[in-house]
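Please look over the sequence and the 3D structure shown below before reading on. The briefing that follows takes up the core, the strands, the pocket and some backbone details in turn.

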Amino acid sequence: MNMQQAAEFADGVVKGTIDAVVPPVQWTHGESTHGGCGEGAAGTGSVTRRAVIMTEVSAERRGSFVGVVERYWKKQGYEIRNVRKHKESPAVFAATPEDFRMSLVVGYKGQVFIDVVTPCMTESEVSPPKTQANGPDYSGERPPTPNHHSDFWSARTPVG
């Protein structure tokens with residue numbers, strides 16, 4: 001597998017993760033990066049694909065949001081490596097059997113970040129993600145804090 005093929009696989013992990021969240025959330029692509037794997041790994045590289053959830057996830061719903069993703073990742077056969085249970089900033093970290101490493105981290109104002117980092121692959125050109133985000137395109141700039149309201153995910157009551 002080369003870096004482009006790995007990036008496409010990572011794009012599928014990001015899209016599948018977001019699609020597993022019901023009700024749906026608004027999201028945009030974060031900055032995609034790639035580079036060499038360092039000394040002793042000539043001719044190889046790694047890619048990082050990122051997504052930013054633009055829907056505000058309230059403090060009362062963040063644990064539920066992380067739980068949805070954790071269950072989805074387990075169902076896909078991914079290994080859950082760590083779960084950070086924190087009211088304001090919960091997170092879950094996982095890996096595929098091929099060692100693609102994923103994280104979902106809730107940050108400032110309930111903004112959710114999803115990253116997928118590929119293992120070292122044969123070096124190749126890497127094109128931008130082809131998956132379609134359903135939120136505004138912030139290419140070349142930092143996305144703002146969450147600016148989309150969801151009657152469900154932004155609610156100030158726990159999931160009951």
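Which residues touch the most other members in the largest nonpolar core? In this predicted model, the largest nonpolar core has 33 residues, and those that touch the most other members are Ile18, Ile53, Phe65, Trp73, Leu104, Val112 and Ile114. As background, nonpolar side chains in soluble globular proteins tend to be buried together.

- When neighbours within four places in sequence are left aside, Leu104 is in contact with Phe65, Val66, Val69, Trp73, Pro90, Ala91, Val92, Val112, Phe113 and Ile114.

**A pair of strands**

- Strand E4, which covers residues 79-84, pairs with E5 in the antiparallel sense over 5 bridges, and a hairpin of 6 residues joins E4 to E5.

**The largest pocket**

- The largest pocket holds about 500 Å³ of space, and 28 residues line it, of which His29, Gly30, Glu31, Ser32 and Ser139 lie nearest its centre.
- Strand E1 (27-29), strand E3 (44-53) and strand E7 (112-117) are the elements that give two or more residues to this lining, and the largest share, 4 residues, comes from E3.
- Sorted by class, the lining of the largest pocket has 10 nonpolar, 11 polar and 7 charged residues.

**Backbone details in the loops**

- The peptide bond that runs from Val22 to Pro23 is cis, with omega near -5°, and Pro23 is found in the loop between H1 and E1.
- Asp99, a residue other than glycine, has a positive phi near 75°, and Asp99 is found in the loop between E5 and E6.
- Asp99 counts as partly exposed because its relative accessibility is 32%, a value that falls between the limits of 20% for buried and 50% for exposed.
- Lys109, also a residue other than glycine, has a positive phi near 55°, and Lys109 lies in the loop between E6 and E7.
- With a relative accessibility of 47%, Lys109 therefore counts as partly exposed.

Notes:
Residues are numbered from 1 along each chain as its sequence is written. This is a predicted model: local features need pLDDT of at least 70, side-chain atom pairs count only at pLDDT 80 or more; totals for chains, interfaces and linings use all residues. Side-chain values use heavy atoms; hydrogens and water are left out. On a 1 Å grid over the protein atoms alone, a cavity is a set of points where a 1.4 Å probe fits but cannot get out, and a pocket is an open set with protein on both sides within 12 Å along at least five of seven lines; lining residues have an atom within 4 Å of a point. Grid points are joined across faces, edges and corners, and a volume is the space filled by probe spheres set on the points. Ala, Val, Leu, Ile, Met, Phe, Trp, Tyr, Cys and Pro count as nonpolar, Asp, Glu, Lys and Arg as charged, and the others, Gly among them, as polar. A nonpolar core is a set of buried Ala, Val, Leu, Ile, Met, Phe, Trp, Tyr and Cys residues joined through side-chain atoms within 4.5 Å. Buried means under 20% relative accessible area, exposed over 50%, partly exposed in between (1.4 Å probe, protein chains only). Contact means heavy atoms within 4.5 Å. Two strands pair if DSSP finds at least two bridges between them.
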